[in-house]
Amino acid sequence: MSRRARLMFFAVAATGLAVTLGAGLAGLPSFGSQTSTYAAMLNKVAPLQRHVTDVVSAINFDYRGLDTMFEEFILLGAVAGISVVLRPLSDETRQLPADKAPERSIPPPSPAVWLLAVVLGSLLVLISLETFTHGTLTPGGGFQGGVVLASALYVVYLGTNYRTVARFQPALLLESADGVGASGYVFIGLLGLLAGTAFLSNVIGLGGTGNMLSGGTIWALNLVVGAEVAGSFAILAAEFLDQTAVIRTRRR
Amino acid sequence: MSVLAYGVVAWLFLIGIYGVVTSRNLIHLVVCLSVAQSATDVLLLEIGYRSGGHAPVFVSLPAHPGPAVDAVMQALALTDVVVGAAVTALLLALVVQVHKRAGTLDPDALRATRD
């Protein structure tokens, strides 16, 4: 299809879409007047029922806990897919490029860059731990904390080089964090069955509202999700990095 | 106000799809797709918004009286962001391999590589 024909086709389709989308959006309650009974009820009930102050976490990891389990598996599946797509293909090999000037050493990063990487890297680790341990209290949780933790590894790469960052993130560690995180979610869900209630029921002691260790399984699920997400995003970065750094066409 | 709020959603979605249709670079195409996808985030947050409402986080309440916004929509937006990131990453991985096989990122030039 030529560009022109494609644009014409798009114009027709987009007009139809715009009309139906407009009609649909016009049927929504006016902006800012939202009064969903379900949401109002959850906002009132969740802090009393689950001893959490962040209702979003309570919904994600408790009331809609099963959905989040599948969401976690979507992430796991995507990362597994990326590992497969970005593997060394049959005509490729994994090796660091040969040093073309062995008599000259690579200059170390400047002290400013190194200092920034050390400060920023440790700060990111600290913030991520804070984010996923306090998911039941304040905005945050496993997903957000995991991404922040993985970005600490990106900072290590920015401040150093491929060899150092490869030492910081052994594949075994990342893959087991990913797997343990994903299966941990299921195991915490099974605790509900062991206790004689439904899968993913909140059966661990709830703790006092406002304490760090509160919310029962919500808190524990935040931890395992944090491990899974951190592992996933670190694997992701490592796979893309390997493509440029070590995976190259095999010489014939 | 409603027109502006929901108009942004429709515009983001359509401009994202327009970008996908007219793209001449696969990386640009993936970014356009995430622009279209971000329309759903905006829509979810807008549906859950209440005028004067505060975040559904019930810490130090005396300082924040009044109703809270819809927490269910915020939870759904979080799900949407995670799935969006997974999809974008997977597509970019495919783009890397396409570039290696075909030596180009132009989607129109790809049909020449068929064999």
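Tutor: Begin with what a contact is: two residues are in contact if their C-beta atoms, placed from the backbone, lie within 7 Å. Keep in mind that this is a predicted model.

Student: How many residues of chain B are in contact with chain A?

Tutor: On the chain B side there are 40 residues, and they meet 42 residues of chain A. Three helices of chain B, α1 (2-22), α2 (26-48) and α3 (71-102), each supply at least two residues of that side. The most comes from α3(B), with 15 residues.

Student: Which classes of residue make up the side of chain B that touches chain A?

Tutor: That side has 30 nonpolar, 7 polar and 3 charged residues.

Student: What pattern does chain B follow along the sequence?

Tutor: The pattern is α-α-α, and the count is 3 helices and 0 strands.

Student: Is chain B spread out or compact?

Tutor: Compare its radius of gyration with the globule rule. Chain B has 19 Å, well over the 13 Å that the rule gives for 115 residues, so it is more spread out than a compact globule. Its C-alpha atoms fill a box of roughly 70 × 30 × 15 Å along the principal axes. Buried residues are 24% of the 115 in chain B.

Student: And how do I read a single helix?

Tutor: In general, an α-helix has 3.6 residues a turn, so residues three or four places apart point the same way. Now take α6 (residues 142-159) of chain A: its 18 residues reach 26 Å from first C-alpha to last, close to the 26 Å expected at 1.5 Å a residue.

Student: Why is α6(A) described as largely enclosed by the rest of the structure?

Tutor: Because 15 of the 18 residues of α6(A) are buried.

Notes: Residues are numbered from 1 along each chain as its sequence is written. Chains are lettered from A and ligands numbered from 1 in the order in which they are written. This is a predicted model: local features need pLDDT of at least 70, side-chain atom pairs count only at pLDDT 80 or more; totals for chains, interfaces and linings use all residues. Helices (H or I, at least four residues) and strands (E, at least two) are DSSP runs, numbered from the N terminus. Ala, Val, Leu, Ile, Met, Phe, Trp, Tyr, Cys and Pro count as nonpolar, Asp, Glu, Lys and Arg as charged, and the others, Gly among them, as polar. The expected span of a helix is 1.5 Å times one less than its number of residues. A residue is buried if 20 or more other C-beta atoms lie within 10 Å of its own, exposed if 12 or fewer, and partly exposed in between; C-beta atoms are placed from the backbone. The radius of gyration is taken over C-alpha atoms; the globule rule is 2.2 Å times the number of residues to the power 0.38.
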